[in-house]
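Visitor: I would like to go through this structure with you, starting with its pockets. Could you bring it up?

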Amino acid sequence: DVLLDVAKEHEEEVLAGFQAFDTVPTVEDKDDNTEMIKRNVWSDDAFTSRSVGVGHAGPDEEVLCHGDEVFQTIDPVFSKYECEAIIAEAREIIATGLERDNTGGVEGEPEYRRTNSQLGEARVSTMPETSEWLKNNMRDKLFPLLESRFGGGGDGSDGSSKSVIRADELTLHDALVIGYGYFGCPTISQPIHRDTSIISLNVALSPSTDYVGGGTYFEGFDGTSVQNEQGHVLCHAGGAMHAGYSIEKGERWVLVLFVLAKNAPQLARRCHARGVWALRDGKLDEAEIALKAGLTVSPYDHLLHRDLGGVYMAKGDRESAKAELERTTEVYPLCQKSLIGLGSMLLEEGKPDEALVKFELALERMQDKDLLEEACVPLRADGYNARFNAAYCALLCADREATNDADARNNRKFGLNQLTITIERIRSCIAAAPGNGQLHSMMARAVELLEEAKRITNGS
């Protein structure tokens with residue numbers, strides 16, 4: 001049973017986290033007065049917050065108090081000295097890894113270490129000084145911080161529901177130090193994704209004066225990235241769709257922490273991961289079983305619906321695939337990839353008018369956020385794809401109106417209504433890809449069709 005398997009997987013990861021990071025408070029730490037001080041150190045006025053939208057923070061949002069909120073500390077939590085010490089150790093680990101790569105590696109050494117070094121990353125588990133520092137600070141600072149933001153509820157002793165976010169029931173699944181720009185060149189934005197955690201933390205290690213660009217993009221925000229100053233902490237539900245934003249120059253170092261909660265097994269997220277792995281391996285039946293199992297516990301998870309649609313497409317069941325993509329757009333209107341995918345399928349089926357509706361809805365939902373100078377690359381790419389395809393569909397419909405239907409040829413309602421905005425969309429695409437010859441051909445045809453429609457309408 002998939003759900004039993006992933007529940008066991010959660011138990012094993014939580015146990016491994018407790019053992020690796022030694023984050024369970026000791027008996028001495030559990031003095032009542034000490035616990036009271038620790039649990040009340042973080043007040044609401046220590047944070048700013050923004051919502052990605054209720055229902056848009058992943059399948060585990062409902063087990064978190066304020067699960068839709070992204071929190072930032074107003075003051076630094078860690079000192080300049082602490083941040084610089086972490087960066088220095090990470091540099092040593094990365095440099096050692098790269099040197100090992102260049103000499104052929106060490107027999108039997110895990111492959112991930114070489115991959116981390118080549119990406120400009122260091123796992124905290126390979127950083128002894130940072131690991132020891134982190135053990136103390138997770139227990140004394142960061143876990144209580146998370147409980148103060150996402151805990152809510154009580155301990156269950158008074159009959160009320162017990163919070164799953166309690167400092168003494170949290171542990172780390174993974175921890176990375178990432179050096180964006182480590183190799184001395186600009187970086188690209190990450191793909192938009194969700195994390196393998198119930199809550200994620202991002203600690204800025206570099207001052208913002210050290211780099212240009214950067215920050216974290218959240219799909220539920222206004223298209224711009226969230227900036228974090230040195231020593232400050234940003235935390236959010238691991239299921240909130242986000243991406244690290246590219247830097248243009250300099251170096252941006254961050255400590256990223258992926259937190260698990262003992263009593264939050266994240267069954268849907270884990271089922272989704274299993275389904276994706278099976279789909280990539282071509283095991284379509286396994287993928288379908290895993291994704292459907294996830295939907296039994298989280299029927300509104302858009303990634304489960306989206307990738308189930310991918311399974312149906314791989315099986316050749318286009319109608320079921322379209323139904324899942326439609327469901328994706330209903331439960332999670334923030335991501336336009338599913339609408340763009342639906343439009344592309346309809347276009348392949350020779351239905352440009354129906355496809356145009358999907359592309360235009362995607363553009364309506366984006367509200368031109370992709371055109372902002374500071375918009376992240378994935379959002380710009382979605383906007384470009386939607387505009388290009390909307391323009392292409394409009395031209396097909398306008399051409400059909402001009403050539404196939406005698407009545408339509410004589411009034412050109414579609415051309416008059418659509419071609420002006422189509423020309424603007426093509427112009428926007430040309431600004432992004434000036435060397436694309438197809439766009440220039442589309443522009444010439446759109447102008448020709450619009451002028452022809454105006455002549456016919458004016459009776460000339």
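Visitor: Which element supplies the largest share of the lining of the largest pocket?

Guide: That is strand S4, with five residues. Please keep in mind that this is a predicted model.

Visitor: What other elements take part in that lining?

Guide: Besides S4 (170-180), at least two residues each come from helix H4 (111-118) and from strands S3 (121-123), S5 (199-204), S9 (233-237), S10 (242-244) and S12 (252-261).

Visitor: How much space lies in the largest pocket?

Guide: The volume is about 880 Å³. Its lining has 38 residues, and those closest to the centre are Glu121, Ile178, Tyr180, Gln190 and His193.

Visitor: And how many cavities of 30 Å³ or more are there?

Guide: The count is two. The second largest cavity holds about 50 Å³. Among its 14 lining residues, Asp60, Ser197, Gly238, Gly239 and Gln266 are the closest to its centre.

Visitor: Changing topic: where is Glu69 placed?

Guide: Glu69 belongs to strand S2, which covers residues 69-73.

Visitor: Is Glu69 buried or exposed, and which side chain of opposite charge is nearest?

Guide: Glu69 is buried and has no salt bridge. The nearest side chain of opposite charge is that of Arg50, 8.1 Å away, against a salt-bridge cut-off of 4 Å.

Visitor: What lies 3.5 Å from a polar atom of the Glu69 side chain, then?

Guide: The backbone nitrogen of Arg50 does.

Visitor: Which residues does Glu69 touch?

Guide: Leaving aside residues up to four places away in sequence, Glu69 touches Ser49, Arg50, Ser51, Phe150, Cys235 and His236.

Conventions: Residues numbered from 1 in each chain as written. Predicted model: local features only at pLDDT ≥ 70, side-chain atom pairs only at ≥ 80, totals over all residues. Heavy atoms only, no water. Helix = DSSP H or I, 4+ residues; strand = E, 2+ residues; numbered from the N terminus. Buried < 20%, exposed > 50% of the residue type's maximum accessible area, 1.4 Å probe, protein only. Lys, Arg positive; Asp, Glu negative; His and termini not counted. Polar contact = N/O pair within 3.5 Å; in protein donor to acceptor, adjacent residues only side chain to side chain. Contact = heavy atoms within 4.5 Å. 1 Å grid on protein atoms, 1.4 Å probe; cavity = no way out; pocket = protein on both sides within 12 Å on 5 of 7 lines; lining within 4 Å. Points joined across faces, edges and corners; volume = space filled by probe spheres on them.
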